[in-house]
Protein chains: 2
Amino acid sequence: MNLISVSDPDDPCVSAFRDVKERDLTGRQGLFVAEGEVVLRVLASKASLCAPVSVLIAEKRLEGLREVLEALPEGTAVHVAPQAALDAVAGFHLHRGILALGRKPAPVGVEAFLDGLPERAVIVGACGIGNHDNMGGLFRNAAAFGTAGVLMDPTCCDPFYRKAIRVSVGAVLRTPMAFGASGGAMVEALQARGFEVLALTPSATQALSELRPAPRTAILLGSEGPGLSAQVIARCRPVGIRMSGGFDSLNVAATSAVALHHVTTAAAP
Amino acid sequence: MNLISVSDPDDPCVSAFRDVKERDLTGRQGLFVAEGEVVLRVLASKASLCAPVSVLIAEKRLEGLREVLEALPEGTAVHVAPQAALDAVAGFHLHRGILALGRKPAPVGVEAFLDGLPERAVIVGACGIGNHDNMGGLFRNAAAFGTAGVLMDPTCCDPFYRKAIRVSVGAVLRTPMAFGASGGAMVEALQARGFEVLALTPSATQALSELRPAPRTAILLGSEGPGLSAQVIARCRPVGIRMSGGFDSLNVAATSAVALHHVTTAAAP
């Protein structure tokens, strides 16, 4: 690392971190801002698919983080500032005291991504997930259950949004992903490569708990509320989570955890 | 319902709704404030265990909600105010336009609660869940899988906090609960009544997916980070969710969904 002291919040060397709340909503030319120690540890680890660009931390955090900072690639700029200057740059009180700038992996299309997968693989397909909490939770679960990757249709929100990265506890930075195919095209691309595509929907008669998963399985999830479209469901194997409470309602991230647990632990046929 | 027009934010008839953000953090003498249409529907439904006390809504919401409001007990005060007055009462912009005041059920101790349960029952035991998002998610999942109730140790946060109720999509208002026993006492009370108590912990050698649940099963969950204490785990059957990602990390609400799905769908021995 390359330690740089910063005292002036207007110093151009930290301009990438300026007003992160507002800038989160706009593009950053392939860069993203992440926050907090947990995420920094992932970004600095070998598992990360994203390159660290620079770090901005509060003075008081420097000693405790030295070991993580030393794991960053040689020459990575680490800007150290008093908490007040950090807050002034970020535009709000950054109680975690850590911001990191990273570079997203080069975008990969769904077909190219699928062509590189092994014989046995579990994939998550996200359609219309627009909530950053849900997106973060979905990535966290995808990583926990060792899925081969997450596919996102064009109506999904950006998983590299700061809050989604934080909720994912860094899983967004280490999980392969591919973008661009709409629900129908995603299903087609998966089926063409031997994936059984499960459409998670409360309307299904097949219970998830009785499903014997195929070696290549994709789990398709729609947004809360509308869920997956009828056209997409019709092209897949519809599967439902059996609930007994007269309260048919699981959050989409919880749904992904339940489905991934079943698919990764139930015996294949 | 009893419609009352309110134009002055200082009108004493809406004082219970004043500055809800701040007052959320303090006691309300057995009352709670909930927000949004989804939660109001639960509060007005037969499934609710809480009595509606009064409602405060924006004028523009009145027509769309008439049917729900008419399901409230006769005489329930429904205060209707312009959005600006509503915002002034609440102390922030209330874009949902709906607040409801309800009365919590009478507090029940763990032993009395357990004595009333049927021969087959699934219970969730929460130890040290201090995050309102997690508490809300846990209740949402408990309701979805039809559990008999949620037990909370004295270090859990209040599930009737506004955000927890919202995240639970109203499940907090319709799920039986009991308070007060610490982890050890909770385990003892459960075991004395024939419950097999599963301690969810990554340290377990028994995989959840291979567990055959007992007719009476309790699922104990600790806070993210520290998890359940070693003393509590030692008195239970430790069970782990098998993860394959080298990323041993599920959110506690996701953990509850996975465990409840397995316990409610796997065949009993």
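Visitor: Which residues of α6(A) are buried?

Guide: Buried means under 20% relative accessible area, exposed over 50%, partly exposed in between (1.4 Å probe, protein chains only). In α6(A) they are A:Asn134, A:Met135, A:Gly136, A:Gly137, A:Leu138, A:Phe139, A:Arg140, A:Asn141, A:Ala142, A:Ala143 and A:Ala144. With eleven of its 13 residues buried, α6(A) is mostly covered. This is a predicted model, where local features need pLDDT of at least 70, side-chain atom pairs count only at pLDDT 80 or more, and totals for chains, interfaces and linings use all residues; side-chain values use heavy atoms, without hydrogens and water. Residues are numbered from 1 along each chain as written, with chains lettered from A and ligands numbered from 1 in written order.

Visitor: What span should α6 of chain A have?

Guide: Helices (H or I, at least four residues) and strands (E, at least two) are DSSP runs, numbered from the N terminus. The expected span is 1.5 Å times one less than the number of residues. For the 13 residues of α6 in chain A (132–144) this gives 18 Å, and the end C-alpha atoms are 18 Å apart, so the two agree. Just after α6(A), A:Gly146 has a positive phi of about 65°.

Visitor: What rotation superposes chain B on chain A?

Guide: Two copies of a chain are related by a rotation about an axis and a shift along it. Here, the rotation is 180° with 0.0 Å of shift along the axis (RMSD 0.0 Å), by least squares on the C-alpha atoms of residues with pLDDT of at least 70 in both. That is the relation of a two-fold axis.

Visitor: How many residues does each chain give to the contact?

Guide: Contact means heavy atoms within 4.5 Å. Chain B gives 28 residues and chain A gives 28 residues.
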